[in-house]
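Colleague: I would like to learn how to read contacts between chains in a model. Could we go through one case step by step?

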Number of protein chains: 4
Amino acid sequence: MTHIETLSQAVNQFRDERDWRQFHKEKDLAISISLEANELLELFQWKDSETVLANKQESLRDELADVLIYALMLADNLDFDLEEIIMAKLEKNRQKYPIEKAKGSAKKYTELSE
Amino acid sequence: MTHIETLSQAVNQFRDERDWRQFHKEKDLAISISLEANELLELFQWKDSETVLANKQESLRDELADVLIYALMLADNLDFDLEEIIMAKLEKNRQKYPIEKAKGSAKKYTELSE
Amino acid sequence: MTHIETLSQAVNQFRDERDWRQFHKEKDLAISISLEANELLELFQWKDSETVLANKQESLRDELADVLIYALMLADNLDFDLEEIIMAKLEKNRQKYPIEKAKGSAKKYTELSE
Amino acid sequence: MTHIETLSQAVNQFRDERDWRQFHKEKDLAISISLEANELLELFQWKDSETVLANKQESLRDELADVLIYALMLADNLDFDLEEIIMAKLEKNRQKYPIEKAKGSAKKYTELSE
């Protein structure tokens with residue numbers, strides 16, 4: 001079992017050892033999360049999920065890790081508690097997508113019938 | 001202290017209660033991570049980091065949480081151990097960016113001098 | 001003076017000579033536009049606009065062209081008239097951002113005062 | 001037949017009437033292209049191309065137009081000739097993807113066999 005704080009420490013120690021926090025304005029970290037998300041997405045360009053899963057396991061691990069690494073850096077910059085923000089957002093999502101209405105439906109909450 | 005497995009369980013229980021895994025092809029989860037990353041980035045459109053941090057704390061929490069929620073779902077689909085993929089990628093990054101060369105430099109590893 | 005239809009023809013001839021239309025599902029073209037937009041954005045990662053404009057003219061040309069190339073392909077797939085969709089969207093934007101309210105303001109239309 | 005310069009003029013007149021060029025740093029325009037590309041991509045989230053084409057024609061027109069509008073603004077900021085950058089990039093792509101090797105193949109140029 002891993003504490004998320006341990007992961008966050010490892011990620012932030014990596015950048016502090018390189019004295020990189022000076023470059024890590026939050027706007028650039030948000031840009032970086034988008035860039036890494038698109039490198040992950042690029043693995044799926046022109047392909048279906050099955051083909052990618054069968055052939056790109058290592059790249060999937062690397063690119064998903066990069067998204068998480070920048071997300072942990074931005075959370076640290078913002079002094080966010082990861083458990084708190086995830087649990088709070090899940091609670092909001094539970095309100096927007098009540099089980100009885102959302103079960104088995106891919107509709108956006110704005111399209112769920114009253 | 002929070003175990004990351006606990007967060008992952010909460011996120012994946014949320015979608016399983018709604019029977020959403022049928023829609024969650026990995027390609028669409030990768031798309032969703034990019035979409036959420038861009039909703040986070042949108043907070044910074046036309047603005048500098050300071051202005052956003054002063055005025056958009058709740059939106060920052062929500063949008064960063066959404067990125068993490070979809071990343072935890074994709075990691076679960078792929079049966080990835082989050083600690084393992086993050087620690088392995090940090091190790092790769094340490095090779096690409098040795099402290100003595102990378103310290104205080106924002107250059108890409110392909111541009112670091114020999 | 002260049003007709004936009006001439007540009008669209010050149011772009012679509014490029015892919016037809018390579019028999020690529022079979023891979024160009026609209027969802028994948030939309031993914032590709034996002035990927036190219038992020039390669040363009042990557043030029044600005046950790047940097048301000050002035051630095052990028054002073055040092056990355058060729059990359060800016062290439063990456064912006066890639067965004068446009070995929071956009072012209074998707075427009076062709078969808079049989080959209082480029083002038084028509086751009087002029088129609090500008091008209092919608094004029095409604096959302098009337099000059100007297102929007103002039104000199106970076107606010108979103110949802111935030112413009114009544 | 002439409003001259004692309006006419007479209008570019010219409011787009012840039014729209015922002016100049018609102019005195020928006022002061023906000024339009026190139027970095028923020030690049031961010032905006034990514035944001036609009038993701039709004040276009042969002043139409044395809046959880047769906048296949050056929051479903052989206054059958055149900056979302058107007059949204060497709062609007063979102064693709066938004067990508068093009070910001071691309072035309074950035075091109076204007078950079079004083080790029082659209083025909084020139086597109087034709088020059090197509091020529092580079094022809095070198096990377098010669099017809100005899102690339103025909104009928106979705107491989108990246110780095111993966112095309114010698």
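**Reading the interfaces**

Modeller: Between chain D and chain B the count of salt bridges is zero. Keep in mind that this is a predicted model.

Colleague: What area do chain D and chain B bury between them?

Modeller: The figure is about 1400 Å², with 63% of it on carbon and sulfur atoms. Three residues, D:Leu35, D:Asn38 and D:Trp46, supply 44% of the area that chain D buries against chain B, more than any other three residues. In residue terms, 17 residues of chain D are in contact with 17 residues of chain B.

Colleague: Now helix 2 of chain D. How do I read its length and its surroundings?

Modeller: For length, compare the end-to-end reach with the expected one. Helix 2 of chain D covers residues 26-42, and its 17 residues reach 24 Å from the first C-alpha to the last, close to the 24 Å expected at 1.5 Å a residue. For surroundings, count the buried residues, with under 20% relative accessible area as the cut-off. In helix 2 of chain D, 15 of the 17 residues are buried, so this helix is largely enclosed by the rest of the structure.

Colleague: What should I know about direction along a helix?

Modeller: An α-helix has 3.6 residues a turn, so residues three or four places apart point the same way. In chain A, A:Ser34 lies in helix 2, and A:Asn38 is found in helix 2 as well.

Colleague: Is A:Ser34 buried or exposed?

Modeller: A:Ser34 is buried, with a relative accessible area of 0%. A:Asn38 also counts as buried, at 3% relative accessibility.

Colleague: Which residues does A:Ser34 touch, not counting residues up to four places away in sequence?

Modeller: A:Ser34 touches B:Ala37, B:Asn38, B:Leu41, C:Asn38 and D:Ser34. The side chains of A:Ser34 and B:Asn38 are joined by a polar contact of 3.3 Å. Within chain A, the C-alpha atoms of A:Ser34 and A:Tyr70 are separated by 9.6 Å, the two residues being 36 apart along the chain.

Colleague: And what is A:Asn38 in contact with, leaving aside its neighbours within four places in sequence?

Modeller: The list for A:Asn38 is B:Ser34, B:Asn38, C:Ser34, C:Leu35 and C:Asn38. With B:Ser34, the side chain of A:Asn38 makes a polar contact of 3.3 Å.

Colleague: How many salt bridges does the rule find across the interface of chain A and chain B?

Modeller: It finds ten. One salt bridge joins A:Lys89 and B:Asp66, whose closest N and O atoms are 3.0 Å apart. Residue pairs in polar contact number 29 between chain A and chain B.

How values were computed: Residues numbered from 1 in each chain as written. Chains lettered and ligands numbered in written order. Predicted model: local features only at pLDDT ≥ 70, side-chain atom pairs only at ≥ 80, totals over all residues. Heavy atoms only, no water. Helix = DSSP H or I, 4+ residues; strand = E, 2+ residues; numbered from the N terminus. Expected span 1.5 Å × (residues − 1). Buried < 20%, exposed > 50% of the residue type's maximum accessible area, 1.4 Å probe, protein only. Salt bridge = Lys/Arg side-chain N within 4 Å of Asp/Glu carboxyl O. Polar contact = N/O pair within 3.5 Å; in protein donor to acceptor, adjacent residues only side chain to side chain. Contact = heavy atoms within 4.5 Å. Buried area = accessible area lost by both parts, 1.4 Å probe.
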